[in-house]
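Please look through the sequence and the model below before reading on.

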Amino acid sequence: MIEATQIPKNVVSSIPTLEFNGLFDGQVVYQLGVIGELKDQGVGKYQTLAKRYPAHLESDLATKVTATSERAISQQETPGLYQVLYQAEGVHEDVSPLTAPDIAFMTKVLGMNLTAIWVRLMIGRFSGQALVKASHEGTTYHGAIYRAHFPYADYHLTNQKSAPATVIGAQIERANKGSEQ
């Protein structure tokens with residue numbers, strides 16, 4: 001069950017939101033990557049239901065987002081998986097725990113079991129060296145696009161609103177490998 005503090009926010013904007021994702025072990029912030037939102041085809045605005053990894057950032061903005069995010073995450077009181085939200089040219093908006101849909105997406109994209117890494121962190125058996133080794137060992141990260149699905153009719157659910165907290169499924173399209181459901 002997703003705790004109330006971890007319910008994804010449905011941000012709808014004319015400006016794409018950036019999401020910096022990182023793991024904080026209490027001392028070091030390990031960057032997991034930046035997600036950029038895409039325009040949702042039905043709404044015509046950027047929202048958290050369609051995302052791209054990695055986000056395409058100019059080097060100056062990428063440097064600013066990384067430095068600001070690492071500083072914001074390192075000020076958190078407890079270790080964990082965190083997300084820093086940005087809108088409008090790298091202006092820091094919010095720091096919150098990484099949500100379950102984003103953990104699942106990042107796990108698929110990175111090929112690392114972030115849930116298992118988080119559990120090891122919580123029981124005191126986390127090794128930052130293992131994370132760094134896993135993230136660099138023969139791995140090339142291909143771009144991926146995430147689109148949420150809401151097949152309410154298939155489950156005979158009525159009066160449901162499409163929002164990140166009500167995602168029933170998702171499609172992930174990899175740049176070179178096709179798509180997964």
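How many salt bridges does the structure hold? In this predicted model, the structure holds 2 salt bridges, and the two can be taken together, since Glu19, Lys51 and Asp102 are linked in a network. In one of them, the side chains of Glu19 and Lys51 meet with a nitrogen-to-oxygen distance of 3.1 Å. Glu19 belongs to strand β2 (residues 18-24) and Lys51 to strand β4, so this pair ties together parts of the chain that are 32 residues apart in sequence. In the other, the side chain of Lys51 meets that of Asp102 at 2.6 Å, again N to O. Here the partners lie in strand β4 and helix α2, so the pair ties together parts that are 51 residues apart in sequence.

We turn now to the nonpolar side chains. In soluble globular proteins, such side chains tend to be buried together. The largest nonpolar core in this model has 22 residues, and those with the most contacts inside it are Leu23, Tyr53, Leu81, Phe105, Met106 and Leu114. At least two residues of this core are supplied by each of β3 (29-39), β4 (46-53), α2 (100-110), α3 (114-122) and β7 (144-149), with α2 giving the most, namely 5 residues. A second, separate core of 14 residues includes Phe24, Leu61, Ile73 and Tyr86.

If its neighbours within four places in sequence are left aside, Leu81 is in contact with Gly22, Leu23, Leu32, Ser96, Pro97, Leu98, Ile103, Leu114 and Trp118. Tyr53, another of the core residues with the most contacts, is joined to Pro54 by a cis peptide bond, with omega at about -10°. Pro54 itself is found in the loop between β4 and α1 (59-74).

Which aromatic rings pair with each other? A search of the whole structure finds 1 aromatic pair, formed by Tyr30 and Phe126: the ring centres are 5.7 Å apart and the planes stand at 70°, so the arrangement is edge-to-face. Tyr30 lies in strand β3 and Phe126 in the loop between α3 and α4 (128-136), so the pair ties together parts that are 96 residues apart in sequence. Both Tyr30 and Phe126 are buried.

Trp118, found in helix α3, is partly exposed, with a relative accessible area of 37%.

Technical notes
Residues are numbered from 1 along each chain as its sequence is written. This is a predicted model: local features need pLDDT of at least 70, side-chain atom pairs count only at pLDDT 80 or more; totals for chains, interfaces and linings use all residues. Side-chain values use heavy atoms; hydrogens and water are left out. A nonpolar core is a set of buried Ala, Val, Leu, Ile, Met, Phe, Trp, Tyr and Cys residues joined through side-chain atoms within 4.5 Å. Buried means under 20% relative accessible area, exposed over 50%, partly exposed in between (1.4 Å probe, protein chains only). Helices (H or I, at least four residues) and strands (E, at least two) are DSSP runs, numbered from the N terminus. Contact means heavy atoms within 4.5 Å. A salt bridge is a side-chain nitrogen of Lys or Arg within 4 Å of a carboxyl oxygen of Asp or Glu. Rings of Phe, Tyr and Trp (its six-membered ring) pair if their centres lie within 6.5 Å; planes under 30 degrees apart count as stacked, over 60 as edge-to-face and the rest as tilted.
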